[in-house]
Amino acid sequence: MAAFDIGASDHASVVSINLFIALICACIVIGHLLEENRWMNESITALLIGLCTGALILLISGGKSSHVFMFSADLFFIYLLPPIIFNAGFQVKKKQFFRNFMTIILFGALGTLISFVIISLGAIGIFRKINIGKLEIGDYLAIGAIFSATDSVCTLQVLNQDETPLLYSLVFGEGVLNDATSVVLFNAVQNFDLSHINTSIALQLLGNFLYLFISSTFLGFVAGLLSAYIIKKLCFGRHSTDREVSIMILMAYLSYMLAELFSLSAILTVFFCGIVMSHYTWYNVTENSRCTTKHTFATLSFIAEIFIFLYVGMDALDIEKWRFVSDSPGISVEVSSILLGLVLVGRAAFVFPLSFLSNLTKKSPHEKTDFKQQVTIWWAGLMRGAVSMALAYNQFTKEGHTQLRGNAIMITSTITVVLFSTVVFGLMTKPLIRLLLPSPGTPKSFINVPLLGNGQDSEADLGAHNFPRPNSLRMFLSTPSYTVHYYWRKFDNAFMRPVFGGRGFVPYVPGSPTEGSEPTMALMES
């Protein structure tokens, strides 16, 4: 007896799913074999496999199509991006991240705004002189938001958190905030009438941006604290670790979807939800649940990353979009080159000046980013990826299709920039780090400084270092950072951890004489 009859469309979907699962398995196997290769990483491997698969499908279909799935912004933003961003927040080394927080905010928020302005103005000034079709002012501003989004997924795979902790912390933190800022800017552009831009509209845009940034972050903190409180009080581990794992996964995803529901920045929300969950919730569950959640989040993120790059590679050969520019390939190449140039200039315009400002706040020369490190930060953030692709599809296509020449040129140019930056810049990042940083394993300048400490330094230890006496500007800018961190630790130990749990809390496990104990001061200080 037949188990289940499926129609033609359902059969095609089953074939597509089988193909993608097989390709993901191939990426994992090939990525494992190339693990020791200093040039390759899994993002580039998935892109190249996607390109080869797309070319094969294009030949089999007689030049009609290169992919088996139509691109959907909903698929990307609702299903694939949440596990990637959440895992980034969940796995981040929080002490390094927050010790560099002001620099990360400078790069991720202010730097993205600078890049957005430069790319938008450059696009307006140059593209209007080129015959690429009709584009409105909103399209040009959308281009600025699209190409301000760095590829944090690929960057995380290129840099190593243990080899280059400072660079990883800065580029990683900036990448996540940069993606969130770019999406917020993109959404803000969509929500305003830009036919007549004036000071009032510009201020409204800025106010809307600040509102989204602050409220999205707050929602992430609230969702993370709520999950910690629920798990701490209800003691799910008494009956089943499955419930603990389920509530963590569902609460994380709920935070993302609530942000989407309230039209906030879901990327920021789920990122800070991940940080809060790793600080409180993770310590409230049993040991089995800790191991399970850590690997579950990492696995979901890993699969989603491979899926995204596979699809980008396959979609790069979509014949429908290239047909519109086939009569003038020179224009497409010219537009792609201009966009790459604007990306290079836009990133340089904030990395070096903001690094200079950040260095003014550092008391020790070892805490500053020198020119070689700044070049590495600039280079590592040049890659553009799935966020840029998703925003471009959202702006210039309708359900994955486009019938306008100008829109088709922007889509194909975006694909070209994403492929070129990911493959070329991605391949050259590791060798560049080895060239610019002679000792990437344990650089001397990264050792024994509070900025990169493992969090064990006490306030007395900080005073033991022979730092030069800061001038008034440095004292004004840098002293509050240590003060805020010190008082946050006292507040966290006195009020937050007794309520929400955290490091040192002992959850109830079957057979244990206690249902849970409050954190000890010794453990909380670690």
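Axes are lines fitted to C-alpha atoms, for helices over the stretch in contact, and the angles between their N-to-C directions run from 0 to 180 degrees. The structure examined here is a predicted model, in which local features need pLDDT of at least 70 and side-chain atom pairs count only at pLDDT 80 or more, while totals for chains, interfaces and linings use all residues. Residues are numbered from 1 along each chain as its sequence is written, and side-chain values use heavy atoms, with hydrogens and water left out.

The chain has 20 helices and 2 strands, where helices (H or I, at least four residues) and strands (E, at least two) are DSSP runs numbered from the N terminus. Of the 526 residues in the chain, 53% are buried, a term that stands for under 20% relative accessible area, with exposed meaning over 50% and partly exposed lying in between (1.4 Å probe, protein chains only). Among the contacts in the chain with a separation of 6 or more, 82% are accounted for by residues 24 or more positions apart, contact being defined as heavy atoms within 4.5 Å.

Two packed helices are described by the angle between their axes and the distance between the axes. For helix α3 (residues 73-91) and helix α16 (residues 386-396), the axes come within 9 Å and cross at roughly 140°. The two helices α3 and α16 are therefore oblique to each other, given that angles under 35 degrees count as roughly parallel, over 145 as roughly antiparallel, 65 to 115 as roughly perpendicular and the rest as oblique. The crossing of α3 and α16 is left-handed, a description used if the near helix is turned anticlockwise from the far one by less than a right angle, whereas clockwise turning gives a right-handed crossing. On the α3 side the contact is made by Ala73, Phe76 and Phe77, and on the α16 side by Ala386, Val387, Ala390, Leu391 and Asn394. These residues of the contact of α3 with α16 divide into 7 nonpolar, 1 polar and no charged, where Ala, Val, Leu, Ile, Met, Phe, Trp, Tyr, Cys and Pro count as nonpolar, Asp, Glu, Lys and Arg as charged, and the others, Gly among them, as polar.

Helix α8 (residues 165-190) and helix α15 (residues 371-380) have axes that come within 10 Å and cross at roughly 40°, which makes α8 oblique to α15. In this pair α8 passes α15 in a right-handed crossing. Leu166, Leu167, Leu170 and Val171 in α8 meet Gln373, Thr376, Ile377 and Ala380 in α15, and by class the contact of α8 with α15 has 6 nonpolar, 2 polar and no charged residues. Helix α8 itself is mostly covered, since 24 of its 26 residues are buried. From its first C-alpha to its last, α8 reaches 37 Å, close to the 38 Å expected at 1.5 Å a residue, the expected span of a helix being 1.5 Å times one less than its number of residues.

The axes of helix α9 (residues 199-234) and α10 come within 10 Å and cross at roughly 160°, which makes α9 roughly antiparallel to α10. The crossing of α9 and α10 is right-handed. In α9, Leu219, Ala223, Leu226, Ser227 and Ile231 meet Glu244, Ile247, Met248, Met251, Ser255, Leu258 and Ala259 of α10, so that by class the contact of α9 with α10 has 9 nonpolar, 2 polar and 1 charged residues. Tyr229 also lies in helix α9, and with a relative accessible area of 37% Tyr229 is partly exposed. Not counting residues up to four places away in sequence, Tyr229 touches Val499 and Phe500; the C-alpha atoms of Tyr229 and Phe500 are separated by 5.0 Å, although these residues are 271 residues apart along the chain.

Ser263 is found in the loop between α10 (241-261) and α11 (266-284). Although Ser263 is not a glycine, it has a positive phi of about 60°, and at 55% relative accessibility Ser263 counts as exposed.
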